[in-house]
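Visitor: I would like to go through the salt bridges here and hear the grounds for each label.

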Amino acid sequence: MFQQISGAHQLAVGWAVRFRGEPPSPDTLRRHVRARLADLPTLTHRVEEVPGSRPRFVSVPELDPREHVRELLMTDPRERWQSCIQEVLTRPLPAGHRPPWDLWLIHGYGDGSGPPEYVLVFRIHHALEDGAGHHYVLRTLFTPRIAPQRSRRVPDTPARTPAPAPVESGGRVSFRAVPGIAGDVARSLRGSGSWAVLRRPPTGKLATAVGTAATRRLLALSRALDTDISVVFLTALAGAMRAVAVAEDERPAPLALLWPLTVRTGDERGAVGNYLTMVRLRLPCAEPHPSRRLASLSRQLEAGRVERRMRTSRALMRRAPLPMSLGTLRLLMRPRHASLTGTYFPAALPQPALGEARLDGALGLGAPLPGQLCHLTLLRYRSECTLSVVHDTAFARGADLPELWLAALAELEAVVRDARE
């Protein structure tokens, strides 16, 4: 689905990573990016408005990395590298004839007592790339050469859902999944219920909050509860949002959340465009007991149900007329449909490096949909799972969510301990 690039909601999404080592010069980084551009079609396309017609992707063959790769030298020390992200979060993406993405080199935030390090922040407009696309860019830029996955699109291709594909690659329609999709569309017309704290008018000013948990901690919880990290993440999030309601003197109520699912196939890893469908989940925030919140979300994210939904959504997107598929996506992504968007992504990066520097920290950067106030991403990278919250300042409690989420994780751990005693 295409969204406007201008205004408060430019839908800039991507990632931030930390490298241990001396920072490269901006020109060195630009040469590195240029050398990989042939394998990164999302970085060489822009979105063009067409009066009276739908937008389209247009190839930009002569891209100047100086317009996209930027440097930010910090003048004040920061305790955590993640706090540097705020400095570039609300800056406008390149526009006009240029593809809407940028890569920021941030350094100088240390106090000089430790080894050198620096941060890279990548942002791109969501119309050109989804979460799986971000992961492909990260792998292509900072790991040994992998087989290129060029876009199937040709220049001046309409910006749309993936082009029609053979039945075997599009998957089969599961009639058990169709009612769920239809129900989500119907609920998008009714709104997401209470939660006045999330219905405030957006200010257009975004802020970030970050929390980390050891991967082994989440894996241990997953094994003990016979589930996976995504369910643990959402169960703790339901507990965190329950705490927000209590702090706002609201009665805790179920909360609708958009949960993106990729519909990419293996040969579309680097393709231009957004290959997502959305599932509407119900966070059981009214439920006071963590174990019952877990049971509710386990049912909603049962593996077979999710697989059927992905397969059916992909088939319908491939076969349905374009106005129907785009209209359905727009309905599923309406803020009336759900007040939050959340996602979990495990990053698999073999030996990532840039020169002599080694990558040792990563987080995902989402963006609230127009009308929403908050987006949450849990990114798993090696020994850490990092929760990044990007929220409009109208939702001031967004700054508290990482701490509240960690407290809700501790509640789940207490449930496990009590069960063993």
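Guide: Salt bridges join Arg18, Arg20, Glu117 and Asp360 into a network. The model is predicted, so local features need pLDDT of at least 70 and side-chain atom pairs pLDDT 80 or more, while totals for chains, interfaces and linings use all residues. Residues are numbered from 1 along each chain as its sequence is written, and side-chain values use heavy atoms, without hydrogens and water.

Visitor: Why is the contact of Asp27 and Arg30 called a salt bridge?

Guide: The term requires a side-chain nitrogen of Lys or Arg within 4 Å of a carboxyl oxygen of Asp or Glu. For Asp27 and Arg30 the N to O distance is 3.0 Å, so the pair meets that definition. Across the whole structure, the search finds 18 salt bridges.

Visitor: What makes Arg30 count as buried?

Guide: Buried means under 20% relative accessible area, exposed over 50%, and partly exposed in between (1.4 Å probe, protein chains only). Arg30 has 18%, and therefore counts as buried. Asp27 has 43%, so Asp27 is partly exposed.

Visitor: How do you know that Asp400 and Arg397 form a salt bridge?

Guide: Their closest N and O atoms are 3.8 Å apart. Asp400, at 30% relative accessible area, is partly exposed, and Arg397, at 26%, is partly exposed as well.

Visitor: Which residue forms a salt bridge with Asp130?

Guide: Arg264 does, with 3.0 Å between the closest N and O atoms. Asp130 sits in the loop between strand S6 and helix H3, and Arg264 in the loop between strands S9 and S10, so the pair ties together parts 134 residues apart in sequence. Both Asp130 and Arg264 are buried.

Notes: Helices (H or I, at least four residues) and strands (E, at least two) are DSSP runs, numbered from the N terminus.
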